[in-house]
Each structure stands twice: as structure tokens, then as C-alpha cells.
Number of protein chains: 2
Amino acid sequence: MNLEQYLASRRELVDKALDDMLPGEDNEPAILHKAMRYSIFAGGKRIRPALAMASAEAVGGKPAEILPLAVALECIHTYSLVHDDLPAMDNDDLRRGKPTAHKVFGEAVAILAGDALLTFGLGVLSLPNVARMYRLDRLVPVIHELSVAAGSTRLIAGQVMDIVFEGKEVTPEIVGSIMANKTGALIRASLVCGAMLAGGDSEEVGILGRFGELLGTVFQIRDDLLDIEGDPAKLGKAVGKDNTRGKATFARVVGTEKTIEMMQTLTTSALETIEPLGKRVEPLIAVGKYIGIRTS
Amino acid sequence: MNLEQYLASRRELVDKALDDMLPGEDNEPAILHKAMRYSIFAGGKRIRPALAMASAEAVGGKPAEILPLAVALECIHTYSLVHDDLPAMDNDDLRRGKPTAHKVFGEAVAILAGDALLTFGLGVLSLPNVARMYRLDRLVPVIHELSVAAGSTRLIAGQVMDIVFEGKEVTPEIVGSIMANKTGALIRASLVCGAMLAGGDSEEVGILGRFGELLGTVFQIRDDLLDIEGDPAKLGKAVGKDNTRGKATFARVVGTEKTIEMMQTLTTSALETIEPLGKRVEPLIAVGKYIGIRTS
């Protein structure tokens, strides 16, 4: 399997689903729907959707059948970036090589566009024409998983801790907990929900959840390393910001070298976790390996 | 029926449900959960929950059985206030006689607490111990109604228009459209979802939806009138702000007297709408009449 082609084909499917499902810019107020689409189509890699689709495949499902979940995940992820970039938060001007939402549309519209993406992400699976694709006793638990992952004890907890611990002394445990919440929760939910919606049994869902938990931390470590040694042109944003802001990262606590080792160990553990699932995990292994070596 | 006692007993039920269901302040990060509870327990009148419960009664349901919906409505409503009060939006320092969330917890935590209340509100009906209380073919459409009412074409559309039209020339049609979205959508959803969850048929749900649409505009008109002639001590906030900011209100477009007339006409139409539902609408009529005469 050629990983680049594979990810590109997944991205194409997801981008089409997003374009089909999100309200068009002709809906009033146009500025709000423009802002939502601006951030959604700013060049995301669609990693969470790719993981959800690979997870569905791992339990014998068809990737295209869980596209509404892919849309939900990407809307929730994008909302978290839009709000994270706000002046009151990380105050970032660039994301994926483009001005951030609040630079283009102003702070008020950026906040509201984030709110709207979150609302759409949590609501899309209950749309009548989507809900009728699934067994409701599978769909409702998926909505539950998504809202917990995006909620005050996981994703938002991570965002709050990320801000609260800026410039503070931190332990590796605190860094791990921030990562697990800020990034791990939604990555884990991608895998868990992909498998649940595709009819995976509780053992399979459990295995994929543990894989997601480990992979989420790998993803965030790689993100932090790219902020140290990445190419700003490839990343589409400035680097070195974590250091300037005193962000809680493993690199700051244990050094870059030890952080890379940790990332490799976590990747190996993650890949071992899904071995019992057999041969259908090939795409998951490929995406899993990519997370820790990606350059953007 | 003594309306004050009736509303107080409803409020007590809803406040207990909110306290039971929202994550406690002992959950990390404590500052986030404190901020969520601070805004939720800042003295709201719980009008939307009262309407949802009265709507459930109107179709033969038991009010206590839809308390999780009441929690959802109040969390979504409160999130919208927290974000609306932000410096980038209406920049309000006081709400219900208390400093607004961003004054107490800072802007970043206020944004994230709003996000968390929205996420909780849209997720609470899918909690395993809540979902098992209902038929899933009723529950999923209710989640759908809530997310549409809170979404980019309704509540958030209204917020955007409210900001965009500040200080601009507006027609009565534009004012009506802002009110219908900003306030009407969630009031309508309170009635529609209360009836749906309690097993109302599509005709009943349709009638209650039209009642809610009309009542939502009455609610917002009364809000705007209170900003002109209300008692700041009773309201717990400054008055006269709409005028200072050039907000799009009926009072500005057609004058106070004509606005009061419109409100009375709309209230009468709303109450006529629910006549076909028979005797079980007594609580709904009482709350409906209260909306247009309330002093806070």
C-alpha cells in the first residue's frame, strides 16, 4: 500500500462529504457559513477521519459507510483549533499557511463559527437521513462517546490545562495528562466510534480504544517535536512558539532525545495492541506508523 | 394555579437535576467546572425547562420524565449567554446581578466553559442512564431538533445578525428574523422536544412548535422592552444598552407603543394556537401569559 495515495484518497472522500453536508455559503448569515467553511477547508490532513475509517475496516465495516462520523470528527476538531487560535487563547495568526479565522472574520464571528462547527459536529449523526443509515442502539452510544471526548473532562479539560500550565513547572505526568485529554480523547473517539458504528463487538472496541489512547499521545508528541525541528513552510505556521510560551511539553521536561524515544516506544505499544485483530488492521498500522514520522 | 409558586416548584426540580447531572467542581480542571456551575447557577428563571415540561404535560406526559431535556436546554441557553457576554461580542460585565463569567474567570476560561456547556447540553440525552429512559426513535429526533435550533441557521445565525446589524438601518422584517433565530429557535425547540420526548403525535408537536415560534418573539420583545423601561435592580443588569449600541429592536423601528401592541397580539395568537389541545394546556397558558408581563 502506498500510504500517501491511501491518505489522499481518504481525504478526498472526507472533503466531499464535508462539502455535501455542511450548510452552503448561500445560507444566511453568509459570513458565518463562509467562516465555517474557510476553517474546515483550510487544508487539514483528515487524520481523525482516516483513523475512524481504518477502525471501521478493522472490524469488518466499509469505510464509506461511516462518512457522517468522519464529518462529525473533523467539525469538532476544527472548532477546537478555531477557538484555540483566538487572541484570548494561543493568539495564533497563521494555521496551515493561512490567516486564522479571527484574523479574517474578526473575533466575534470566529467564536460563533467555532460554536457552529461544534454544534454541527455533535448534531450531524442525528440528521434524519443520516440516522436512518444506522441501528439507533449503535448510533446513540456513538453520540455519547463523541460528546464525552469533546467535553469538560477530556478535550476541553486539556485545553484549559494547556493554558493553566503555561510557563509553570510541570511533571511528565502532567504533560501526559494534558496530551491525553487535549489530543488523545478525540483520536481515541475516532477509533472507538468508527468501530462501534461499523458493528464491532465490545472486545474489538476496547482494543481499538487502547490503540487510540496511545496513538493520541504519539500524535501530540510529534506535533510538539515539529514545533521544535519542523519546517515552517511545510507546517504552514511559525515554529518555536511552545518554547516562547513555556508550553507544557515532554521536550521541555525530559529533553528532545528522550521524547523521541518515548514516542517510538508508544508507537510500538500501540501497534502491538491491535495485533489480536488480525489481518484487517493493515490500513490502521500504516496510518499508525505515519503519525510519528509525519512532517506536517 | 398560583403562577409564582408553580414556576418556583419547576425551578427547584430543574436546579436539582442540573446539580445532579453536571460534573462536580471536584472534577479536574476545577476552574472549568466552577465556571460552568457559576454561570448555570447564577439565578436563571428556567423558562425553557418550564415550557418543555408544560409541553410534555400538554400531550399527556409527566414533567419529571423529561428533566434531562430541561438540563440540555438550560446548558445550551447558558452557553449562549456566556459567549454573548464576551468582550468580543456584547462585552457585558453584569448578568442577573452578578459579574459575567469572563469577569470572574478570564476570557479563555469563559470561552471554554461556554464550549463545555454546549457540548454537555447536546450530549446529555445520549448518556447511557438517560438514553435508556426513552424510546431511541424519539430520542434521536430530539437530539436533532436541539442541534438544529442551536446551530448555524438558527440560534447562532441570530447572534451573528444581532452583531452585524448593530447601528445599522433595519426593517421590521430583519428585527423579526433576528428575534426568531436568536430567541425563538430554542424556545420553539423547548416545546417541540418536550412534546416529542413525551410521545406527542406529529399534529400536537406541530401545534406546540407554532406556539413556541410566536412565544419566542414575545419573549425577546419583552426582553427589549425591559431594557427600556425595566428596573435594573430587578433585572440584575444595566438598562438602556440596546439604545446605546444601536441594537436592532422593534422599539427602535416602530416605537415602544406599537411594540407593546405587537407583543399583545402575538401572545393572543400564541394562546389561540394551542386551544385545540384541550384542557391539558393550562400550565402552558399560564407560562405563556407570564412571558409578556414578566419584570425580570
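Analyst: In this predicted model, chain A is built from 16 helices and two strands. Its radius of gyration is 18 Å, close to the 19 Å that the globule rule gives for 296 residues, so chain A is as compact as a globular protein of that length. The C-alpha trace of chain A spans about 50 × 50 × 35 Å along its principal axes. Buried residues make up 54% of the 296 in chain A. Of the contacts in chain A between residues at least 6 apart in sequence, 74% join residues at least 24 apart.

As to confidence, chain A has a mean pLDDT of 95, with 100% of its residues at 70 or more. The scores for the model are ipTM 0.97 and pTM 0.97.

The relation between the chains comes next.

Where they meet, 47 residues of chain A are in contact with 47 residues of chain B. On the side of chain A that touches chain B, at least two residues each come from α2 (30–40), α6 (107–123), α7 (128–131), α8 (136–149) and α9 (155–164). The largest share of that side, 12 residues, is supplied by α6(A). By type, the residues of the side of chain A that touches chain B divide into 31 nonpolar, 12 polar and four charged.

Helix α9 (residues 155–164) of chain B shows how elements of both chains come together. Nine of the 10 residues of α9(B) are buried, and the helix is mostly covered. Among the buried residues of α9(B) are B:Leu155, B:Ile156, B:Val160, B:Met161 and B:Ile163, and also B:Gln159 and B:Asp162. The buried residues of α9(B) pack against α2 and α6 of chain A, and against α4 (67–84), α8 (136–149) and α10 (172–197) of chain B.

The nonpolar packing can be followed further. In soluble globular proteins, nonpolar side chains tend to be buried together. Here the largest nonpolar core has 194 residues, of which A:Ala113 and B:Ala113 touch the most other members. Leaving out residues up to four places away in sequence, B:Ala113 touches B:Leu32, B:Ala35, B:Met36, B:Ser39, B:Val82, B:Ala101 and B:Phe105.

Two further residues illustrate the surrounding fold. B:Arg95 lies in strand β1 (residues 94–95) of chain B. With 22 other C-beta atoms within 10 Å, B:Arg95 is buried, since the cut-off for burial is 20 or more. Beyond its neighbours within four places in sequence, B:Arg95 is in contact with B:Ala42, B:Leu81, B:Asp85, B:Thr100 and B:Lys237. A separation of 8.3 Å lies between the C-alpha atoms of B:Arg95 and B:Leu235, which are 140 residues apart along the chain.

In chain A, A:Gly212 belongs to helix α11 (residues 202–229). A:Gly212 is buried, with 32 other C-beta atoms within 10 Å. Its contacts, apart from neighbours within four places in sequence, are A:Ile187, A:Arg188, A:Ser190, A:Leu191 and A:Val192.

Notes:
Residues numbered from 1 in each chain as written. Chains lettered and ligands numbered in written order. Predicted model: local features only at pLDDT ≥ 70, side-chain atom pairs only at ≥ 80, totals over all residues. Helix = DSSP H or I, 4+ residues; strand = E, 2+ residues; numbered from the N terminus. Rg over C-alpha atoms; globule rule 2.2 N^0.38 Å. Buried ≥ 20, exposed ≤ 12 C-beta atoms within 10 Å, placed from the backbone. Contact = placed C-beta atoms within 7 Å. pLDDT = per-residue confidence, 0-100. Nonpolar A, V, L, I, M, F, W, Y, C, P; charged D, E, K, R; others polar. Core = buried A, V, L, I, M, F, W, Y, C linked by C-beta atoms within 7 Å.
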